[in-house]
Amino acid sequence: MNTPDNGVRSTSGPVVALVPAAGRGVRLGESMPKAFVTVGGTPMVRLAVEGLIASGAVDRIIVMVPTELVDSAVALLPPSDSVHVVVGGAERIDSVRAGIAAAPDAGYFLVHDAARALTPPGLIARVAAQLRAGRSAVIPGLPVADTIKSVDATGAVTGTPDRAQLRAIQTPQGFAADLLRSAYATEGIQATDDAGLVERLGAVVTTIPGDPLAFKITTPLDLLLANAVLDGAEIGRVVSELASEPSIQGAMAAPSASEVAP
């Protein structure tokens, strides 16, 4: 008799992040796999891996890439014993399955899109913390700002869901390892995200607040936005550093009485 999943389970073992990076990213309009397109001069997949490392919550990272790009990926990713590259599959689901197989000792999995390259490390840490606290499946999400319509094959509106009950889901999505392994044990399964596969098992999936910076870089407009975000962050850093220089601080100080006297 199967025991219903109440959303909480006791487990142990390392937190392993799986980063699918074998997709072609046709909608982005680039000639290379999307994960290898640069944002601010750095490939998306490296930015994503750097964010995972910076979170301090991940023990190991497995990046799944096309066969022909294994050597390139090894060369461009951060040189760390915790980062590993394996061959991915033709579809995202095949890549995740390959990552799962490469981590038989994992206690928890974080599945993270390389295309969410600007995801703050703090968000990653919060997902991992919820898993460590006993949650079996944890996903970040943001409230939906737009009105959503369901439509039929002809485009006619069939309903308007209450957007207060809707969330736009991001990554990393976190799971107890045995739960994700069970979800991927069946060949030919399909879903738009990993949580969707877990839901089919009857597992409780818990949402936590996401972050606007965890947006997915899918279209040329998204790429433009990501570059603008990084450019703005760099400008802010330079301004901050300049403001801390003694010579700049002196120049910004209020003028003395003698300087303003007529």
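**Close-up views of a predicted protein model**

**Figure 1. Overview of the fold.** The protein contains nine helices and twelve strands. The model shown is predicted. Of its 262 residues, 41% count as buried. Among contacts with a separation of 6 or more, 70% are made by residues 24 or more positions apart. The accessible surface amounts to about 13,600 Å², and carbon and sulfur atoms contribute 56% of that area.

**Figure 2. Strand β11 and its two faces.** Strand β11 spans residues 173-176 and is covered on both faces. Gln 173 and Phe 175 are buried on one side, while Gly 174 and Ala 176 are buried on the other. In a regular strand, side chains alternate between the two faces of the sheet.

**Figure 3. Pairing partners of β11.** Strand β6 (residues 108-111) runs antiparallel to β11 and is joined to it by four bridges. Within this pairing, Val 111 has Gln 173 as its bridge partner. Strand β7 (residues 137-143) also pairs with β11 in the antiparallel sense, over two bridges. Here Val 138 has Gly 174 as its bridge partner.

**Figure 4. The largest pocket.** The largest pocket holds about 600 Å³ of space. It is lined by 28 residues, of which Gly 23, Lys 34, Arg 92, Asp 113 and Lys 216 are the closest to its centre. The lining comprises ten nonpolar, eight polar and ten charged residues.

**Figure 5. The second largest pocket.** The volume of the second largest pocket is about 180 Å³. Its lining includes Glu 91, Arg 92, Tyr 184, Gln 190 and Leu 197. Helices α3 (92-101) and α6 (194-199) are the elements that each give two or more residues to this lining. Four nonpolar, two polar and four charged residues make up the lining.

Methods. Residues are numbered from 1 along each chain as its sequence is written. This is a predicted model: local features need pLDDT of at least 70, side-chain atom pairs count only at pLDDT 80 or more; totals for chains, interfaces and linings use all residues. Side-chain values use heavy atoms; hydrogens and water are left out. Buried means under 20% relative accessible area, exposed over 50%, partly exposed in between (1.4 Å probe, protein chains only). Two strands pair if DSSP finds at least two bridges between them. Contact means heavy atoms within 4.5 Å. Accessible areas come from the Shrake-Rupley method with a 1.4 Å probe; for residues, only the protein chains shown count as cover. On a 1 Å grid over the protein atoms alone, a cavity is a set of points where a 1.4 Å probe fits but cannot get out, and a pocket is an open set with protein on both sides within 12 Å along at least five of seven lines; lining residues have an atom within 4 Å of a point. Grid points are joined across faces, edges and corners, and a volume is the space filled by probe spheres set on the points. Ala, Val, Leu, Ile, Met, Phe, Trp, Tyr, Cys and Pro count as nonpolar, Asp, Glu, Lys and Arg as charged, and the others, Gly among them, as polar.
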